[in-house]
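Please look through the sequence and the structure below before reading on.

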Amino acid sequence: MWLNYGVSDERGLVHISDTPRGRSDLHCPYCHTILIAKKGHVLAHHFAHDGPTCNPANRTTELPILPFFHSFTLHLTPKLLGQLQAFKDGRRSATHWLQQEHLIRYNEFTQRHELTKLGQIPFGMLSVNLFSQVHDARLADRHDQLDWWLHKAWKEGNPVARADAETDLMLYRAQWQRVLQCALYVVAIQTETDQFYKVGMTSRPIEERILEIQASLMPHIGAVSMPADMLPFCQNDQSPVCASVCPLFARMP
Ligand SMILES: [Zn+2]
């Protein structure tokens with residue numbers, strides 16, 4: 001997971017989407033090194049250190065990311081995900097591990113193991129309502145866990161662990177707040193030969209985002225149109241162009 005936030009002396013935490021590409025006046029929230037905004041066309045936009053990346057920002061696990069937000073595969077290891085798929089397909093699987101991760105449970109009535117709501121998420125089996133319930137609970141759980149780590153670091157009198165835990169919690173809260181302020185959109189994109197869909201989130205007017213999408217696709221597939229009947233499926237009640245609520249997606253969390 002990439003670093004998405006930098007710290008400004010005047011503006012506090014600044015998200016990558018709110019700063020232009022290139023060297024910035026923002027600092028790493030963990031080590032205070034100056035950051036460079038990487039906003040290319042291949043990798044997800046992120047901040048890089050102007051120098052070596054510090055250890056807390058370089059973690060591949062345990063970064064304070066929102067559950068399910070960047071991946072519907074629950075950030076499971078490929079091995080565990082493979083076991084879950086095997087279970088769903090009725091093949092031999094490591095039920096003990098899947099149960100330990102709350103992905104499956106034993107049903108007393110049917111006397112068989114079955115996928116939990118959590119375990120159904122990677123396969124898109126939950127309704128929006130159920131997905132939101134699971135998601136909300138996981139968001140709160142993760143927050144409580146980060147809060148607990150901070151208290152633990154305080155108790156142990158470990159200043160380095162305490163500073164990292166404080167930053168983790170701060171970044172997590174900033175992401176959560178950002179999600180609540182964003183609108184989810186779904187747009188249909190029509191090329192000369194094909195049609196596909198883009199799902200995303202934005203805190204800016206949907207028209208602005210659509211112009212960006214069109215500009216970013218232009219070098220690859222040329223001019224695209226967005227059929228009026230699909231434009232926009234934007235679930236931000238404050239949006240002046242929000243004509244209808246997308247029936248497929250709910251506000252997250
Ligand atoms: Zn750093």
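## Two loop residues

Gln 111 is exposed, because 7 other C-beta atoms lie within 10 Å of its own; a residue is called exposed at 12 or fewer such atoms, buried at 20 or more, and partly exposed in between, with C-beta atoms placed from the backbone. Gln 111 sits in the loop between β6 and β7 (112-115), and it has a positive phi of about 55° although it is not a glycine. Most residues other than glycine have a negative phi.

His 102 also has a positive phi, of about 60°, and is not a glycine. His 102 is found in the loop between α2 (95-100) and β6 (104-107), and it is exposed, with 11 other C-beta atoms within 10 Å.

## The model and the chain

This is a predicted model, in which local features need pLDDT of at least 70 and side-chain atom pairs count only at pLDDT 80 or more, whereas totals for chains, interfaces and linings use all residues. Residues are numbered from 1 along each chain as its sequence is written.

The chain has six helices and ten strands, which are DSSP runs numbered from the N terminus (helices: H or I, at least four residues; strands: E, at least two). Of the 253 residues in the chain, 19% are buried.

## A pair of helices

The axes of helix α4 (residues 128-156) and α5 come within 8 Å and cross at roughly 160°, where axes are lines fitted to C-alpha atoms, for helices over the stretch in contact, and angles run from 0 to 180 degrees between N-to-C directions. The two helices α4 and α5 are therefore roughly antiparallel to each other, a term for angles over 145 degrees. The contact (C-beta atoms, placed from the backbone, within 7 Å) involves residues including Leu 139, Leu 146 and Trp 149 of α4 and Ala 165, Leu 169 and Trp 176 of α5.

Ala 163 lies in helix α5 (residues 159-181) and is partly exposed, with 15 other C-beta atoms within 10 Å. Ala 163 and Pro 29 are 134 residues apart in sequence, but 9.9 Å apart in space, C-alpha to C-alpha.

## A hairpin of strands

Strand β1 (residues 5-8) and strand β2 (residues 12-15) run antiparallel and are joined by four bridges; strands pair if DSSP finds at least two bridges between them. The bridge partner of Tyr 5 in β2 is His 15, and β1 and β2 form a hairpin with three residues between them.

Definitions and conventions:
Angles under 35 degrees count as roughly parallel, over 145 as roughly antiparallel, 65 to 115 as roughly perpendicular and the rest as oblique. Two residues are in contact if their C-beta atoms, placed from the backbone, lie within 7 Å.
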